[in-house]
Amino acid sequence: MDTFPLVLDGYLAADAEPGDRDGTACWRLTCSAGTDHLVEEAVIPCTTMEPEIAHAMLTERQPGDLLRVVGHLTLPDTANGLIRLHADGLEVLWEAPLLESDEDEDADTATVTDVDADRNRAIAALAEALTGLGQAEPGPGQSIRLHISPTGALGSGLEHCHSVDIAPDMAHRLADYIDAMNCYLDSGHPDGVVLDPDTVEELTGLFEGIDLIALTSTVLSATRPEHRPAVTQAMDDMFGDIAAPEDTDP
């Protein structure tokens with residue numbers, strides 16, 4: 001059999017199982033790779049003869065954990081043989097949260113299902129948008145990998161996990177877009193802004209000191225005669241019904 005060194009990132013598809021001998025373990029790793037039109041997924045069988053790795057996989061890791069497995073990929077001699085990754089090293093990139101026990105048997109499962117469906121649609125939309133960014137021309141430097149997945153123990157929800165690679169310059173642009181969005185969201189919530197009382201008093205005095213009739217006269221004097229009706233209407237809409245200068249007593 002041919003073997004090749006390989007570093008593979010993927011999600012633990014199910015609980016690891018003990019191997020045929022003590023100090024060994026086997027498990028399945030779900031990996032995805034983005035293409036121009038879809039996300040291809042593959043399940044790679046993994047095994048290890050390293051006692052420390054086997055112990056960690058059997059006692060510490062749970063389905064949904066994002067793992068980086070370093071080892072050698074074995075290719076079969078026959079077409080119906082099995083591909084297997086023999087792990088020499090293991091790194092945990094992300095730990096799936098533990099599943100909390102549900103003590104309320106009367107919980108509204110329909111509501112939970114609707115929430116999960118809405119979350120999964122949001123994940124799919126975000127993954128599709130980020131995949132579009134990853135299709136751009138690659139920039140200088142190494143790519144940056146973004147992992148998107150639901151919270152909670154994944155188990156059978158691995159189809160909602162995505163990994164997208166983007167170039168560093170695209171990551172900078174994405175950060176700028178997020179900053180701009182945050183600024184826009186903050187501007188829509190002015191309730192927390194409190195003006196200084198002196199500033200409020202100064203602004204109030206400024207507006208109370210405006211002579212609307214004199215202002216109207218100045219504006220109309222600088223306006224061509226054919227445009228004065230429209231300008232007068234605009235000022236009335238802004239300040240209320242203001243008497244035109246010719247309508248006032250001298």
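The structure is a predicted model, in which local features need pLDDT of at least 70, side-chain atom pairs count only at pLDDT 80 or more, and totals for chains, interfaces and linings use all residues. Residues are numbered from 1 along each chain as its sequence is written, and side-chain values use heavy atoms, with hydrogens and water left out.

**Gly 19**
- Gly 19 lies in the loop between strand S2 (17-18) and strand S3 (25-34); strands (E, at least two residues) and helices (H or I, at least four) are DSSP runs, numbered from the N terminus.
- With a relative accessible area of 28%, Gly 19 is partly exposed, a class between buried (under 20%) and exposed (over 50%), using a 1.4 Å probe and protein chains only.
- Neighbours within four places in sequence aside, Gly 19 is in contact with Thr 24 and Ala 25, where contact means heavy atoms within 4.5 Å.
- Met 49 is 30 residues from Gly 19 in sequence, and their C-alpha atoms are 8.6 Å apart.

**Helix H1**
- In helix H1 (residues 51-59), the buried residues are Ile 53, Ala 54, Ala 56 and Met 57.
- These residues lie on the same side of H1 because they cover an arc of only 165 degrees around the axis, taken from the directions from the helix axis to the C-beta atoms.
- Pro 51 and Glu 52 are exposed on the other side of H1.
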